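Welcome, and thanks for taking a look at this one with me. Below is a short briefing to read alongside the structure, arranged by topic.

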Amino acid sequence: MRKLAFAVSLALGSVAAHAATVYTGDKVQGVPVISQLDIADLAPGKTHRFMFQGTTDGIGQHFYVPVVVAKGAKAGPKLVLNSGNHGDEVNGIRAVQKVMAGLDAAKLSGTVVAVTGSNPNSINRVTREWATYNDGGASTNFNRVFPGKEKGTAPEQHAWLMWNKLWQGNVDYVLDFHTQSTGTDFPFFIYADYRDPRIERIAELFPADQIKKDPGEKGSTETTFVDNKIPAVTLELGSPRKYDKDMIDRGVEGTRNVMVDLKMIDGKIGRTAKTAKTFVGNDMTTVRAEQGGYAEILVKLGDMVKKDQVVARQLNVFGDTVKEYKAPADGKVLSTGTDAVREPRATLVRLLIQNPDAQCAKGC
Ligand SMILES: [Zn+2]
C-alpha cells in the first residue's frame, strides 16, 4: 500500500494540495496504521478504521490515535469529531463512538472523520495533562498547543501531526468534545464563538444546559480552527472520569442534529437549545480559593445566584470557618469544585454571566 500511495502522489505531482493517505505498512490491533489521511482516496459508502501515527515517546515508539472515517456514498460536508485532548474527559470519547456506530456510510452525504482519543499519553493515565520526562519532567495542556510545532516537544509534535497530516484538507466543520477537569463539575456546556453565525447555529443545535458566547482560547483545537475560518465549538459533556448516560445521549443527539442541519443525513432535528431552554451567557467569572483548606460549596450547578451571596467557605484542619467567598456578580452556577481539599487558586465556583456591556455582546 505504501508503494501505491507513493505512485499516486507522484502522479498528482505538485498540484495536489494534499498528497494521499499514507499507509506505513504496520498494523496495530489489526488496524492499518496511517501517517497521513486524505479522505479523497478512500472508498465511498464505507466506514474505515485507522490508527494514526502520532509522535514518539522516550524510547522512540509511536503514540497511535484511533480514527474512524465514514465516507458517504454521496458528496457533502466534511465533519471532524475530535475527543480525548484531555485524558480524564471520557464522555466525549463515548459520544463520538456512539455517533459513528449509528452512521450508515451508504446513506451519508459527505464525510465524518472521528478521533476517539487524540491524546493517548493522558488518557492512559486518566490525567488532564500530557506528561513529558525531559529534565525531570513537565506537564503540558495538549489543548493549548495547536497547531503544534514540527520540531517541538512531544505534545507539540503530536498536535502538529494531527493538524497537518490528519485534519488539513479533510475538514469543513469541527466538534471538539470535552468535560470539566478532575476535581470540578460542569453541566452540558458549550464554548461557542458567536462572532461567526455558523458557529452560533451549530451550538444551538445541541440540547445544552448552558452556552457561553466565547472569543476562544489560544492554542485550543476549537480556536485554532476558528482562526482558520473553519467553524468549531468546544462541547463540555459534564463531569470527568466516568460515563454519564444523559450527557453522552445529549452529545450524540446534538451531533446528529448538526448532521441533519448540514444535510449529511436524513432525519428530524431532536432536542436543541430552544427546547432545552439553554441559558446563554456572554461572560464568566471564577471564584478561586485564595488559600489552601477544605472547601464547602454552598451552591449547585445551574443555581441562579445574586451578587454578594456567599457561595463557598473554607475550613481549617479543626473545622473552623477561615474564609467565606461571595459571588462577584449575578449569574448562573456553571462549575463547582468537587474535591474538598483545595489549594490556592483552585476553582470553588464559576458563574456564567449575562454582561450588559455592549462590548460583550458576542462574548467576553
Ligand atoms: Zn477538556
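Predicted model: local features only at pLDDT ≥ 70, side-chain atom pairs only at ≥ 80, totals over all residues.

- Leaving out residues up to four places away in sequence, Ser139 touches Glu129 and Trp130.
- Between Ser139 and Val28 there are 111 residues in sequence, and their C-alpha atoms are 27 Å apart in space.

- The domain assignment of the protein gives domain 1 as 2-279 and domain 2 as 284-360.
- Taken over C-alpha atoms, the centres of domain 1 and domain 2 are separated by 32 Å.
- How many residues of each domain are in contact with the other? Twelve residues of domain 1 are in contact with 17 residues of domain 2.
- About 1,200 Å² is buried between domain 1 and domain 2, and carbon and sulfur atoms give 63% of that area.
- Across this interface of domain 1 and domain 2, the rule finds zero salt bridges, whereas it finds seven residue pairs in polar contact, both residues being at pLDDT 80 or more.
- On the side of domain 1 that touches domain 2, at least two residues each come from strand E10 (184-185), strand E11 (188-192) and strand E12 (210-213).
- E12 gives the largest share of that side of domain 1, with three residues.
- By residue type, the side of domain 1 that touches domain 2 divides into six nonpolar, four polar and two charged residues.

**Gln180 and Ser335**

- Where do these two residues sit? Gln180 is placed in the loop between strand E9 (173-178) and E10, and Ser335 lies in strand E20, residues 331-337.
- The side chains of Gln180 and Ser335 are joined by a polar contact of 2.9 Å.
- With residues up to four places away in sequence left out, Ser335 touches Thr184, Asp185, Phe186 and Arg350, among others. Leu301, Leu348 and Val349 are also among the residues that Ser335 touches.

- Side chains of opposite charge can pair when their charged atoms come close.
- By the rule used here, the count comes to 15 salt bridges.
- Asp249 forms one of them with Lys245, and the closest N and O atoms of this pair are 2.7 Å apart.
- Asp249 and Lys245 are separated by about one helical turn, because they are four residues apart in helix H7 (residues 245-261).
- Asp249 counts as partly exposed at 26% relative accessibility, while Lys245 counts as exposed at 59%.
- Another salt bridge is formed by Arg250 with Asp246, with the closest N and O atoms 3.0 Å apart.
- Arg250 and Asp246 both lie in helix H7, with four residues, about one turn of the helix, between their positions.
- Arg250 counts as buried at 9% relative accessibility, whereas Asp246, at 36%, counts as partly exposed.

- Asp330 forms a salt bridge with Lys306, the closest N and O atoms being 3.7 Å apart.
- Which parts does this pair tie together? Asp330 lies in the loop between strand E19 (321-326) and E20, and Lys306 in the loop between strand E17 (304-305) and strand E18 (310-315), so the pair links parts that are 24 residues apart in sequence.
- Asp330 is partly exposed, with a relative accessible area of 40%, and Lys306 is exposed, with 55%.

Methods:
Residues numbered from 1 in each chain as written. Heavy atoms only, no water. Domains from an automatic or database assignment. Contact = heavy atoms within 4.5 Å. Buried area = accessible area lost by both parts, 1.4 Å probe. Salt bridge = Lys/Arg side-chain N within 4 Å of Asp/Glu carboxyl O. Polar contact = N/O pair within 3.5 Å; in protein donor to acceptor, adjacent residues only side chain to side chain. Nonpolar A, V, L, I, M, F, W, Y, C, P; charged D, E, K, R; others polar. Buried < 20%, exposed > 50% of the residue type's maximum accessible area, 1.4 Å probe, protein only.
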